[in-house]
Every structure is written in structure tokens, then in C-alpha cells.
Amino acid sequence: MIGAMQDFELRVSTMIDHAERQSGEREIVSRYADGSLVRGSWSQVARDARRLANALARLGIGTGDRVATLAMNHGRHLAAWYGVMGMGAVMHTINPRLFDDQLAYIANHAQDRVLIYDAAFAPLVERLKPQWPTIEHYVCFDGEGEGSFDALIAQESDQFVWPAGSERDPCMLCYTSGTTGNPKGVLYSHRAIVLHAMTAVTPACLAIATDSVVLPIVPMFHVCAWGIPFATAISGSKLVLSASNDAAVLCDLMHQEGVTHSAGVPTVWLAMIAHVDAGAPPPPLEHVVIGGSAASRAMMSRLMDMGMNVSHLWGMTELTPIGSVTKRDPGFDALPREAQLDLLSKQGATPYGVEMRIADEEGNTLPRDGVTSGRLQVRGPWVIDRYFGDERARAVDANGWFDTGDVAIIYPDGIMQITDRAKDVIKSGGEWISSVDLENEAIGCSGVAEAAAIGLPHPKWDERPVLVVVRKEGANVSEADIRAHLSSRIAKWWMPDRIFFVDHLPHTATGKLSKLTLREQFRDVRLDEPAGASA
């Protein structure tokens with residue numbers, strides 16, 4: 001029997017077309033790195049997207065070709081997203097916070113043909129150009145004259161017929177942070193992004209509506225800004241974008257533009273709270289979403305005191321990225337504050353579109369009893385099946401379950417709580433730091449026999465790395481020596497907050513470093529206090 005309903009492909013181009021038709025004059029406000037404020041609209045973004053599509057076609061860019069961006073949040077970046085994906089190419093957002101070796105690897109692995117970047121990253125681009133042989137064209141978003149984004153699209157027509165491809169075609173490429181070796185690429189389909197956006201706008205998820213004014217603090221290079229640039233196109237919301245994450249800039253922008261919804265990692269909210277504590281009026285936010293790393297009860301309580309509705313969000317690059325969000329059952333508002341915080345501290349329940357379970361090491365499903373812990377696994381239409389460039393090996397088991405690498409508990413009502421990490425990665429300010437890579441670089445320093453990197457709690461950054469080192473016999477390598485060695489080999493924000501010297505490191509029965517023992521050994525170290533004597 002043939003279905004009686006119409007069928008059409010769910011492609012990203014349908015979202016920008018919808019935004020232009022239904023909410024064309026709704027504002028897109030951009031605050032650039034130089035402090036300039038530019039007002040546009042969904043109609044202007046749509047027109048610029050079509051102009052860019054014409055320009056890229058003129059440069060020989062076609063279906064499936066990768067176009068990279070190295071940029072913060074602003075309207076030109078948004079137009080680039082829709083133009084690249086609309087024409088059938090693949091948008092590749094690059095995280096500028098990665099260190100040079102990773103940036104070189106990512107662009108080469110993706111085989112990017114075009115790079116569009118912010119002027120603030122020009123020194124980085126010039127430094128890495130010799131290492132990016134596949135990139136044929138460089139365009140500056142906020143530059144002037146030849147070579148700028150505005151010049152590229154200025155003479156192009158704003159008429160472009162989006163190709164009618166399959167919704168299962170690839171359209172966006174994001175790389176993981178390389179927690180175990182090189183970063184891995186996750187290639188999103190049009191279908192995954194559209195379905196994710198349709199769920200994201202719902203009250204049970206991000207609660208974004210037509211009358212919402214949304215300022216995503218999470219960068220557009222970080223897992224597509226949690227899908228907010230797509231969700232706001234569907235809802236027709238006013239979208240406010242800032243290239244700066246400075247608390248004073250953001251707070252002023254929120255007041256000026258009447259921002260109601262925002263989303264970011266805990267560090268930005270800590271900075272916002274500090275700004276308010278220094279005398280600034282609280283921002284007029286109604287809904288705040290916190291993700292990237294666990295939010296503290298104290299921080300959430302302070303935001304609630306300011307009149308904000310706070311939600312916790314958990315996700316991954318491999319999930320496009322939303323996997324769970326705070327679940328509010330009837331009666332939540334009547335609960336005592338501590339009971340509300342108990343709920344908000346958990347990672348929440350899955351929205352429609354994601355299935356979740358916990359499993360033992362053999363892959364058997366474990367009970368949702370709020371007590372039993374197991375490996376957290378997910379599946380669904382916006383969950384990864386295989387990594388980019390590794391099409392032969394699936395990233396899931398035979399039944400489609402993707403192992404997230406986290407250990408969790410699931411309660412009978414479907415609420416999930418992460419209890420530990422299966423891998424010893426360090427999460428600082430919402431970004432991953434690979435303990436293995438940090439250790440390997442440290443061991444390369446003359447005089448170091450063995451090194452272990454662990455994450456310890458930090459009041460601002462959630463976690464910061466600490467390096468525990470065993471010297472080679474007879475060596476007198478110092479903390480300054482190790483920092484000098486690391487300085488040219490890792491990103492600045494990977495630099496350990498403390499370096500301790502010990503006689504030996506604890507190992508398990510199989511000879512592996514016992515990170516659990518080390519975390520217990522150094523649990524009393526306070527990273528918000530001046531460094532004391534080495535252990």
C-alpha cells in the first residue's frame with residue numbers, strides 16, 4: 001500500500017527558505033570583534049547565502065566539497081553556513097583553540113578546498129598555510145577589499161536554485177577534540193540536522209519560539225553551536241551573535257537586545273555571575289541552558305535567584321549534539337530549592353529522537369533503577385554511525401548502539417546521571433584535554449621517566465590538568481624545564497596548573513596507570529589557591 005501523504009527531502013536549505021518566507025524581517029544582530037554592531041535579518045542572511053553559493057560555484061566548488069570556517073559567531077558566518085550547505089557542499093567548522101598540529105591534521109584530513117576566517121585568526125592562518133596544501137582559496141569574513149567575504153559575494157546574484165538532493169547527503173563536518181589520538185570527524189546529514197532542529201525548538205528541549213530572542217554563547221565552531229542557528233531558523237526567532245565572550249560585552253548586549261534565551265558552558269556563567277557581583281544589573285534572561293561540563297549547584301542556584309529558568313544539557317559531537325536535557329515533571333516549581341537542584345544537577349532525559357540505555361561490558365542492557373551504573377549508550381537519527389574517513393568500520397554495535405565513553409545511572413523516569421568517565425580525559429571550560437597526549441609530550445622532556453595527567457576540580461573551569469612526574473634516576477629536571485618543553489608542543493590552555501614530582505606512580509595489576517589512585521592522592525589540592533610545595 002502506498003502512503004497518502006506528500007514526501008519531500010529534509011534539507012538544510014528548506015530551513016533558511018522557511019525563515020525567509022515566514023520571519024524574513026526578524027533581526028539578526030551581530031557584534032563583531034572590533035566592537036561594531038551590524039543589524040541584519042533572516043532575509044538578508046538568505047540572500048547572502050545564495051550569493052555565496054553562486055560565488056563558490058564560480059570557484060569550482062561543488063557537491064560534497066568541504067568549505068571550512070575558522071570564525072566566531074556573527075551574521076556572515078551564519079550566511080556561510082546556509083550558503084555552503086544549501087548548494088550541496090559540506091560546511092567544516094574548525095575550532096581555533098586547538099594547537100597547530102591538530103589544526104593542520106583536521107584541514108588535511110577533511111581535504112578542505114576553501115577557508116573563510118575571521119581577521120582575528122589571520123596570524124594563525126598565515127602560520128599554517130604551508131601545512132594546508134588542499135586549501136585553494138582564502139577569504140576573510142571581516143576583511144576589506146579583495147579577499148574579503150563582502151567582496152566575494154558583492155557582484156553575485158541573490159538568486160540561486162538549491163539542488164534537490166537527498167536528505168541523507170552530508171552537509172556539515174565537525175571534529176572531536178582528539179581525546180585519544182587525532183581528532184575524529186563526524187559528518188552530519190541534512191536529515192540529522194533538520195530532525196535535531198525540529199526537536200531542539202520544543203518546550204521539552206531548548207524551548208525556542210518565534211518571540212524568543214536568542215544569544216548562543218557557545219561558539220559556532222563548537223558542535224554547530226548546539227544546533228541553535230538551525231533551531232532559530234525554524235522558529236523565526238531574533239538571533240543575537242557575538243564574536244566576544246567577555247561577560248561585560250555579553251551582559252550589555254543582552255540588555256540592549258532584550259535577550260530571553262542563552263546557552264553556554266559553565267565558565268561563561270561563572271564570569272557572568274562575577275560581573276553581576278561587581279555591580280552590573282543581571283541580564284534579562286528567562287531561559288538558560290548549561291552544557292559542555294557539569295554545572296555546580298551553587299551556580300545554578302545563583303542564576304535561579306536572578307529569575308532564570310535553568311536547564312542542564314548533555315551531548316557530544318557524535319550526537320549533533322543534544323542527547324539529554326533537564327526533565328521537569330508537573331510540580332517542579334513547587335519543590336523546595338534543594339530538591340530542584342537535585343534534579344537540575346542530573347544530565348536529564350532524552351528528547352524524542354534519542355534512545356538511551358546503560359550496558360555492561362558484554363553489551364547487556366542494565367536496569368533503569370537509579371542505582372545500577374553502566375556504560376552509557378545511545379542511538380537515533382542524529383547519532384553517529386561511522387566516523388568520516390573510516391567508512392569501513394562502524395562506530396556502533398550490531399544494534400546501532402553508540403558507546404559514549406561515559407558511565408551513568410538511569411532512573412525509572414528516564415532521567416540520566418553521569419557518574420564517571422570511561423576515559424581519563426580532562427574537561428576544562430567545556431573543552432576536552434587529552435591526558436594521554438599531555439603525558440606523551442611530558443615524557444618527551446629530557447629527565448622525565450614517567451608522567452601522569454589527571455583532572456582536578458577547579459571553581460571556574462570545572463577541571464584543570466595536573467601533571468604528576470617521576471624523574472629519571474640522577475636527573476634534576478625542574479617544573480620550569482617541563483613547562484618550557486610543553487610550551488611549543490601543546491595549546492596554551494592545556495598547560496598543567498600544577499606539576500608535582502613523586503618517586504613513583506601507582507599502577508594497576510595489568511601495569512596501567514591508576515588514575516583513580518592519583519585522583520584520590522591529590523584530592524585535597526586546591527587549584528584556586530597559590531601553589532605550595534610539591535608532593
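Which residues in helix 9 meet which residues in helix 10? The legends below take up that contact and several other close-up views. The model is predicted: local features need pLDDT of at least 70, side-chain atom pairs count only at pLDDT 80 or more, and totals for chains, interfaces and linings use all residues. Residues are numbered from 1 along each chain as its sequence is written, and side-chain values use heavy atoms, with hydrogens and water left out.

**View A. Contact of helix 9 with helix 10.** From helix 9, Ala 247, Ala 248, Leu 250, Cys 251 and Met 254 meet Ala 271, Met 272 and His 275 of helix 10 (contact means heavy atoms within 4.5 Å). Helices (H or I, at least four residues) and strands (E, at least two) are DSSP runs, numbered from the N terminus. The contact residues divide into seven nonpolar, one polar and no charged (Ala, Val, Leu, Ile, Met, Phe, Trp, Tyr, Cys and Pro count as nonpolar, Asp, Glu, Lys and Arg as charged, and the others, Gly among them, as polar). Two packed helices are described by the angle between their axes and the distance between the axes. Here the axes of helix 9 (residues 247-257) and helix 10 (residues 266-277) come within 9 Å and cross at roughly 80°. Axes are lines fitted to C-alpha atoms, for helices over the stretch in contact, and angles run from 0 to 180 degrees between N-to-C directions. Helix 9 and helix 10 are therefore roughly perpendicular to each other (angles under 35 degrees count as roughly parallel, over 145 as roughly antiparallel, 65 to 115 as roughly perpendicular and the rest as oblique).

**View B. Aromatic pairs of Trp 494 with Phe 99 and Trp 493.** Rings of Phe, Tyr and Trp (its six-membered ring) pair if their centres lie within 6.5 Å; planes under 30 degrees apart count as stacked, over 60 as edge-to-face and the rest as tilted. By this rule the count comes to seven aromatic pairs. The ring centres of Phe 99 and Trp 494 are 5.3 Å apart and the planes are at 85°, so this pair is edge-to-face. Phe 99 lies in the loop between strand 4 (90-93) and helix 4 (100-110), and Trp 494 in the loop between helix 14 (479-487) and strand 23 (498-501), so the pair ties together parts that are 395 residues apart in sequence. Both Phe 99 and Trp 494 are buried (buried means under 20% relative accessible area, exposed over 50%, partly exposed in between, with a 1.4 Å probe and protein chains only). Trp 493 and Trp 494 also form an edge-to-face pair, with ring centres 6.2 Å apart and planes at 80°. Trp 493 is partly exposed at a relative accessible area of 23%, whereas the value for Trp 494 is 1%.

**View C. A ring cluster and two charges over rings.** Ring pairs link Trp 81, Tyr 82 and Phe 230 into a cluster. The charged end of Lys 129 sits over the ring of Tyr 138, 4.6 Å from its centre, and Arg 471 lies over the face of Phe 501, at 3.8 Å from the ring centre. A charge sits over a ring if NZ of Lys or CZ of Arg is within 6 Å of the ring centre and within 35 degrees of the ring normal.

**View D. Buried residues of helix 4.** Gln 102, Leu 103, Ala 104, Ile 106, Ala 107 and Ala 110 are buried in helix 4. They pack against strand 3 (66-70), strand 4, helix 5 (122-128) and strand 7 (170-175). Just after helix 4, Gln 111 takes a positive phi of about 55°.

**View E. Surroundings of Leu 206.** Leu 206 is placed in the loop between helix 7 (190-200) and strand 9 (213-216), and counts as buried at 6% relative accessibility. Not counting residues up to four places away in sequence, Leu 206 touches Ala 200, Trp 226, Ile 228, His 261, Val 289, Leu 313 and Ile 322. Leu 206 and Leu 313 are 107 residues apart along the chain, with their C-alpha atoms separated by 9.2 Å.

**View F. Backbone at Thr 320 and Pro 321.** A cis peptide bond joins these two residues, with omega about 10°. Pro 321 is found in the loop between strand 13 (309-315) and strand 14 (322-325). Thr 320 has a positive phi, near 75°, and is buried, with a relative accessible area of 3%.
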